[in-house]
Structures are given as C-alpha cells and as structure tokens.
Amino acid sequence: MNSIRRTLLLWLLAGLAMIALAASGATYLAARREVGDLLDLQLKQLAYSTQIDDLLRGRRPGFDSRSAPHAAGITELVTQIWDRDGVLVYWSQPGMGLPVPATEGYSTVSRQGRDWRVYTLVQGTHALQVAQAADERESIATQTALRTLVPFLAFMPIFGVVIWLGVGRGLRPLDTMSRALAKRRPDAMAPLDERGLPQELQPLGASLNDLLARLSEALAAQRRFTADAAHELRTPLAALKLQLDLARRNQIPPDATAALDDLEAGVARASHVVEQLMTLARVEPEALAQGRTLCDLVAIAKDAIVTRATLAADKTIDLGLARATPATVEGDPASLAILLSNLIDNALRYTPRGGRIDVTVDSEAGGATLSVTDTGPGIPAEERERVFDRFFRGADNDGPGSGLGLSIVRRIADAHHASITLDTPAEGSGLVVRVKFPVLNAAS
C-alpha cells in the first residue's frame with residue numbers, strides 16, 4: 001500500500017545518506033591526508049632526534065622499531081647512514097639497501113617490491129635516512145579515516161527514527177482530518193473546521209467543504225421532492241377513498257364488491273406509503289439534533305403499546321411490555337416514538353393470529369437497549385442487511401407494507417448513534433430487533 005510517510009522517509013533518508021556519503025568521502029580523504037602528514041612529521045622528528053655519532057658508535061636510538069611490538073599504530077621503521085663518499089656506514093635492517101639519497105627531505109622509493117616513504121637529513125659529512133613502508137602508512141591512514149566514519153554509521157538509525165517521528169508529526173493534521181471524517185454519519189454534511197489546518201491542507205479542506213455543501217444541497221432537494229410528492233399525493237388518495245365510500249353506499253352488484261375491496265386495499269397501501277414517505281422526509285439529522293432532550297424509553301414503549309393495543313386485540317396477538325428496566329437516552333422523543341411504532345407495526349403485520357409480541361427495555365453499563373420480539377416468520381439471514389434499504393421487500397413477502405418502515409428505523413437510529421441488530425428468538429421462530437443506544441453522557 002502506498003504511504004506518504006514511507007515515501008517521505010525513504011526520500012529523506014536517501015538524501016541524508018547521499019550527503020553523509022559525500023561528507024564521509026571528504027572526511028575520509030582529509031583524514032588520510034592528515035594522517036600521512038603526521039607520519040611524515042614523525043619521520044622528520046625521528047631524524048632530527050637521532051644522534052648520528054651515537055649510531056656510529058653502536059648505540060641504539062631512543063626508538064627501536066625492531067624491539068617494539070607490532071600493535072596498532074606501530075610500524076616498521078628503517079634507519080640508514082651514508083658518508084660523503086656514498087658508502088653505507090650504518091643500517092638498522094641488513095639487506096634493506098635503500099638507494100643513496102639524492103636530495104635532502106622527503107622522497108618515495110621502491111625496494112624489494114614495496115614502496116617506502118623516506119626522509120633524508122644531512123648532518124656534517126653524513127646523511128641520515130629514516131624510512132617507513134608505504135603500505136603500513138596506508139593501513140594506518142585507512143584505519144584512522146574509517147574510525148572517523150563510525151559516528152555517521154552509528155547515527156543513521158537514530159536519524160531514521162527522528163525523521164519518522166517528524167514526518168508523523170507533520171502528517172498528524174491529515175490523520176486528524178481522516179478520523180473526523182470516519183466518525184461522521186453518512187448523512188452528516190456539516191463543514192469541516194478549517195481553523196488550524198496547515199497551509200498544505202487548506203486547499204483539501206476547502207474542497208471537502210465545497211463537496212459537502214453540494215451533497216447537502218442535493219440531499220435537501222431530494223427530501224423536498226419526497227415531501228412535496230407525498231403531499232401532492234395525499235389529496236387525490238383522500239378523494240379516491242371518499243369516492244370508494246360513496247360507491248359502497250350505493251347499490252352495487254355483488255361481483256363488484258370484491259373489486260371494490262381490492263381497490264380499497266390498494267388505496268390504503270398507497271396512503272401508507274405516502275405517510276411513510278412524509279415521515280422519512282421529516283426525519284432529518286439536523287432537525288433531530290435541534291430537538292434533543294432526555295427521553296424515557298419505558299414511557300415511549302408504554303405509549304406505543306397502548307396505541308396499538310386495539311390492533312393487536314383484533315388479531316388476538318398478545319402485545320405487551322415484557323421487561324421495563326428504567327432507561328434514559330438523549331434524543332428526539334417524537335422520532336423515537338416513530339422508531340418503536342414502525343417496529344411494532346411490522347411485528348403486527350407479519351405475526352399470525354394468536355401470536356405474541358414482546359417489547360423490552362434494558363439498561364446496562366454499555367447503554368440502553370430497546371427490543372421487539374415477535375413470533376412471525378422472521379427474516380432470512382441473507383436478507384437482514386438489505387431490509388433496511390428503501391422499498392426493499394423479501395422474495396417471499398407478498399403481504400401489505402411499503403418497504404420503508406425499517407429504512408425509517410435505521411435513519412432514526414443513526415441520528416441517535418444507535419446500532420440495530422436482527423436476530424432469531426432463542427426458542428421458536430420469529431424475529432428479534434434490538435436497538436442499542438450509547439451510554440448517556442453524564443454532562444447531559
């Protein structure tokens with residue numbers, strides 16, 4: 001997966017590595033050059049501190065490379081003395097045979113397959129040569145230069161961690177914006193707060209707010225159309241129902257009675273759809289947010305049960321409040337009443353005669369739960385998510401209904417930050433609808 005943080009980290013580390021490599025190369029070359037100069041100075045000082053007469057009388061110099069251990073920084077030094085006639089009168093290593101010096105000072109000569117750095121000092125009638133193997137000088141210079149690079153290599157992981165944290169801190173506003181959008185309800189169209197946004201994110205915030213404004217206008221236009229269409233349909237449906245009542249009062253043939261019954265059922269269903277559409281248009285998150293107050297779920301459940309007690313009695317359905325644990329939620333009382341009414345209406349519509357519908361209110365640490373359990377045919381598991389879509393009706397559902405009831409329930413639940421689950425009763429057939437509300441804010 002593409003990552004801005006990873007891309008920035010790689011590029012920054014790559015740039016840092018290139019700079020470090022260039023700096024390390026320059027440091028390496030400078031360190032080698034400086035170590036070479038120091039070793040040259042060592043040869044010169046050794047030459048000046050050596051007494052030629054002492055060597056000619058057989059005394060050893062203060063520094064004898066042959067007796068020194070070959071530890072780090074200790075190299076093999078060769079000393080030779082020539083007289084004015086070009087005769088070698090002293091040598092520290094027999095058989096070494098450095099060539100006769102041509103000039104005083106520094107020179108590089110090759111002997112026995114090795115290069116030697118030589119410093120020649122002329123004192124009186126003698127010339128003193130102090131030599132050091134070039135490969136050993138290179139080894140010392142290389143080791144010293146490499147030791148100067150160790151800090152760069154050691155701090156590279158630390159630089160990587162610092163860059164990772166810095167990039168993460170720089171991208172924190174983007175993460176904050178992403179989390180704020182993820183927490184929003186699908187129908188929440190309020191603009192994002194652009195205060196405090198970094199300069200790089202301000203165009204994104206402005207574009208998102210412009211998009212949200214356009215979506216809000218489109219949804220508002222859709223709700224207005226739904227409400228206007230439903231309102232316009234109420235008048236002709238009412239007139240049609242009145243005409244049906246007038247037709248029944250007149251003498252009609254017996255074979256026309258069944259047709260009038262079918263027509264009346266169709267008008268009733270159309271009227272129910274219109275009422276549901278108007279309810280759906282009224283259930284707007286903005287309106288619900290303005291009307292929020294503390295709501296007693298037990299009182300709402302009792303009112304809904306009393307209102308539908310007659311319908312339940314006509315179908316000999318046992319409708320009652322099975323459990324009533326005191327529970328209070330924050331929301332819009334009218335919308336919550338519509339939510340429970342739609343759930344009970346659905347249960348009454350599909351529960352057979354002699355069935356049972358239980359409404360329960362529970363309160364626990366995780367919040368309040370409102371449940372409606374019926375003994376109807378239930379809803380297949382593969383259709384339980386789709387039943388919340390508008391106008392969806394199951395394949396085996398040929399009964400009355402508009403297909404909007406559960407869509408309204410979902411919309412109201414989302415506006416109250418509640419979750420809905422559909423399940424099967426522990427015993428027998430039927431459906432259990434649970435609406436779980438979040439914990440009431442103590443500040444409310």
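In this predicted model, Asp358 counts as buried, at 17% relative accessibility. The cut-off for that class is under 20% relative accessible area. Asp358 forms a salt bridge with Arg356. The closest N and O atoms of this pair are 2.8 Å apart. Arg356 is partly exposed, with a relative accessible area of 40%.

The structure holds 12 salt bridges. One of them pairs Asp40 with Arg117, with 3.1 Å between the closest N and O atoms. Asp40 lies in helix H1, residues 4-49, and Arg117 lies in strand S4, residues 114-123. The pair therefore ties together parts that are 77 residues apart in sequence. Asp40 has 10% relative accessibility, so Asp40 is classed as buried. Arg137 belongs to this arrangement as well: salt bridges with shared partners join Asp40, Arg117 and Arg137 into one network.

A further salt bridge links Asp345 and Arg308. Here the closest N and O atoms are 2.7 Å apart. This pair also connects distant parts of the chain, 37 residues apart. Asp345 sits in helix H10, residues 333-350. Arg308 sits in the loop between H8 and helix H9, the latter spanning 309-314. Asp345 counts as partly exposed because its relative accessibility is 21%. Arg308 is buried, with a relative accessible area of 13%.

Helix H8 covers residues 297-307. Its buried residues are Leu297, Val298, Ile300, Ala301, Ala304 and Ile305. Viewed down the axis of H8, these buried residues fall within an arc of 160 degrees, so they line one face of the helix. An α-helix has 3.6 residues a turn, so residues three or four places apart point the same way. The face of H8 turned away from the buried side carries exposed residues. These are Asp303, Val306 and Thr307.

On the surface, Arg169, Arg172, Arg179 and Lys183 gather in a patch of positive charge. Arg169 is placed in helix H3, which runs over residues 134-170. Arg169 counts as exposed because its relative accessibility is 59%, against a cut-off of over 50%.

Conventions:
Residues numbered from 1 in each chain as written. Predicted model: local features only at pLDDT ≥ 70, side-chain atom pairs only at ≥ 80, totals over all residues. Heavy atoms only, no water. Patch = residues over 30% accessible without salt bridge, like charges linked within 9 Å, V, L, I, M, F, W, Y side chains within 5 Å. Areas by Shrake-Rupley, 256 points an atom, 1.4 Å probe, with all protein chains shown as cover. Salt bridge = Lys/Arg side-chain N within 4 Å of Asp/Glu carboxyl O. Lys, Arg positive; Asp, Glu negative; His and termini not counted. Charge placed at Lys NZ, Arg CZ, Asp CG, Glu CD. Helix = DSSP H or I, 4+ residues; strand = E, 2+ residues; numbered from the N terminus. Buried < 20%, exposed > 50% of the residue type's maximum accessible area, 1.4 Å probe, protein only. Arc of directions from axis to C-beta.
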